[in-house]
Amino acid sequence: MNDCLFCKIIAGQIPSPILYQDEAVVVLRDINPQAPLHLLIIPKKHIASLNDLSDADDALVGLMVRRAAAIAKEHGYDEPGYRTVFNTNRDAGQTVFHIHLHLLAGRSLAWPPG
């Protein structure tokens, strides 16, 4: 965790504009946006990947998903649509090993992705 980028941002060791914050999560813009709206919902608790979740984390993951839905609605994307994505491990595109939920909206998103 000492070398975790998101832990350092959450601790204030690396400056980054935080768009939203509460006791459990922070929301940041993705530095390589793939849609007009591309935000990251990041738990303050360090969890390396979805494979490391426990039963005790169920409420946290639910909170992350609900926060993504609320943000999409705030930006007017609840009706046209948006995508949420958790990447898990390298082959799936996870580059920071601290779970985070991508929220993408503002353009038509193809299926299947990537």
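Both faces of strand β5 are covered in this predicted model, with L101, L103 and A105 buried on one side and H102 and L104 buried on the other. Here, buried denotes under 20% relative accessible area, exposed over 50%, and partly exposed in between, with a 1.4 Å probe and protein chains only. In a regular strand the side chains alternate between the two faces of the sheet. Because 5 of the 5 residues of β5 (residues 101-105) are buried, the strand is largely enclosed by the rest of the structure.

The model is predicted, so that local features need pLDDT of at least 70 and side-chain atom pairs count only at pLDDT 80 or more, whereas totals for chains, interfaces and linings use all residues. Residues are numbered from 1 along each chain as its sequence is written, and side-chain values use heavy atoms, with hydrogens and water left out.

Strand β5 pairs in the antiparallel sense with two strands. With β3 (residues 37-43), the pairing extends over 5 bridges, and L101 of β5 is the bridge partner of I41. With β4 (residues 82-85), the antiparallel pairing comprises 4 bridges, and L104 of β5 stands opposite R83. Two strands are taken to pair if DSSP finds at least two bridges between them.

The chain contains 2 helices and 5 strands, arranged along the sequence in the pattern α-β-β-β-α-β-β. These elements are DSSP runs numbered from the N terminus, helices being H or I of at least four residues and strands E of at least two.

The C-alpha atoms fill a box of roughly 40 × 30 × 30 Å along the principal axes. Of the 114 residues, 35% are buried. Among contacts (heavy atoms within 4.5 Å) between residues at least 6 apart in sequence, 54% join residues at least 24 apart.

Strand β2 (residues 25-29) includes R29, which counts as exposed because its relative accessibility is 53%. Apart from neighbours within four places in sequence, R29 is in contact with L19, H38 and L39.
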